[in-house]
Amino acid sequence: MPATVIVGAQWGDEGKGKIVDLLAQDSDVVCRYQGGPNAGHTIIAEGETFKIRQIPSGVVAGKTCVIGAGCVVDPEVFLGEVDDLESRGYTTSDVHLSGEAHLIMPWHVAIDGASERRLGKLQIGTTKRGIGPCYADKAMRLGIRAQDLLDAKILRQKIETALAEKNLWLERVYGVEPLELEELAARLERCAERIRPFIADTSLLVDRALKEGKSVLLEGAQGTLLDLDHGTYPFVTSSSTVAANAATGVGIGPNRIDRVLGVTKAYVTRVGEGPFPTEIEGSDQQRVRELGGEFGTVTGRERRCGWLDLVALRYAVRLNGITSLALTKLDVLSHFAEIPVCTRYRLPDGTELNEFPAHQSDFHHARPVYETLPGWEEPLDDELPAAARAYVEFVERELEVDVSLIGTGAERERVVAR
Ligand code: IMP
């Protein structure tokens, strides 16, 4: 049975949660491999809406869930989610947290906000959940990991060491209030007691599941263009979002991955700052935003909306080794008589590119070259209208990848399998 990576092929918010929820029905284990509470997966199942940030979406389907070593976890957000799920009758007893995952501390959240304020007009537009500062401390080898929660003495020591330095930064560099050691240590100890039973050797757990022939989903957060190495740096998140990192982030070998399902909207959205060639000009942007409900799950921010960008998608297919695509929210386009699709970029000197520009300045100056496809202007059902089919087939031809799933509405069952 296969291990399948589900990866965002754009700037995040592609509707991965819904696709994971759907595929989780036939899977045994669902894992998150990177990111933290900056992600917000929305799942609508049995008339209930779930907005999940830390725990893999598979929890709603009652599957074994793993938060891998490559993730960053905010203990209070995690426990809040556990409480919410339990109070709604969903068990979290089969949720497992890697002892190697790093913890987001209150100073990470404070520094994320302070750093963005300081950057002013140059800000990244982060979710202010402490993601960047937490991954930075991991790389600096100053981080606190989930396994540190298992030993109160070690935990206290690590908090003291880290806070002594972080308070200097908060006060002297950012000019904000320092954090109080005793209060913070007590807060974390309360979390530690509750989190301990969730901590497990998740690499071993996933390896055993694969050896037993179980089916494993590896769920990415954010999207390809937010990847720290290959995305639109510096307007990216601080983890590696691409499919190859699913192996590292969970702790299995890359040869264990069988399939890579890329998830893309039938159009594009982006939250935060940074270049966006196909961003829609004029009132159609607002129309797409409202029709698609394009407001951040975590932050509530308005998402910027654009037409489908096949140059960027071609790049995502390459970077992730995407073996098939899920095209979500096709129904949002049902309201347009004509639908532009970007097939190439044009640079200021007139050069046209099929492939994503390797240099940031070219990407900043790239203008979209559109082909306009006819709309279908009718609601979507299992039997797609001819123009909607033509839209999907156009995408397949341009990218040389099959579209295996098509999202036609918010609910779990509104997906057409091809
Ligand atoms: P951070 O991950 O909070 O550091 O934010 C860095 C960039 O990634 C910002 O542009 C955010 O808007 C973006 N980002 C982070 N998480 C998500 C997500 O789940 N969906 C879309 N954008 C995200």
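At what angle do helix H3 (residues 106-119) and helix H5 (residues 152-173) pack, and how far apart are their axes? They pack at an angle of about 20°, and the axes are 11 Å apart. Keep in mind that this is a predicted model, where local features need pLDDT of at least 70, side-chain atom pairs count only at pLDDT 80 or more, and totals for chains, interfaces and linings use all residues. Residues are numbered from 1 along each chain as its sequence is written, and side-chain values use heavy atoms, leaving out hydrogens and water.

**Around the ligand**

- The ligand is surrounded by 16 residues, and the closest are Asp13, Asn38, Thr127, Thr237 and Arg301 (a residue is near if one of its heavy atoms lies within 4 Å).
- That shell splits into seven nonpolar, seven polar and two charged residues; here Ala, Val, Leu, Ile, Met, Phe, Trp, Tyr, Cys and Pro count as nonpolar, Asp, Glu, Lys and Arg as charged, and the others, Gly among them, as polar.
- Asp13 has a polar side-chain atom 3.0 Å from a ligand nitrogen atom, while a backbone N or O atom of Val271 sits 3.2 Å from a ligand oxygen atom.
- Arg301 puts a polar side-chain atom 3.0 Å from an oxygen atom of the ligand (a polar contact is a pair of N or O atoms within 3.5 Å).
- The protein covers 96% of the 470 Å² of accessible area that the ligand has on its own (Shrake-Rupley method, 1.4 Å probe).

- Most residues other than glycine have a negative phi, and most peptide bonds are trans.
- Asp13, though, has a positive phi, near 60°, and you'll find Asp13 in the loop between strand E1 (3-8) and helix H1 (16-24); helices (H or I, at least four residues) and strands (E, at least two) are DSSP runs, numbered from the N terminus.
- The Tyr233 to Pro234 peptide bond is cis, with omega near 5°, and Pro234 is in the loop between strand E10 (216-219) and helix H8 (244-250).

**How the helices pack**

- H3 and H5 are therefore roughly parallel (angles under 35 degrees count as roughly parallel, over 145 as roughly antiparallel, 65 to 115 as roughly perpendicular and the rest as oblique).
- Their crossing is left-handed (the near helix is turned anticlockwise from the far one by less than a right angle; right-handed if clockwise).
- Helix H2 (residues 75-87) and helix H6 (residues 181-195) have axes that come within 10 Å and cross at roughly 45°, which makes H2 oblique to H6 (axes are fitted to C-alpha atoms over the stretch in contact, and angles run from 0 to 180 degrees between N-to-C directions).
- H2 and H6 also make a left-handed crossing.
- For H5 and H6, the axes come within 11 Å and cross at roughly 140°, so this pair is oblique, and the crossing is right-handed.

Definitions and conventions: A polar contact is a pair of N or O atoms within 3.5 Å; within protein, one must be able to donate a hydrogen and the other to accept it, and residues adjacent in sequence count only if both atoms are side-chain atoms.
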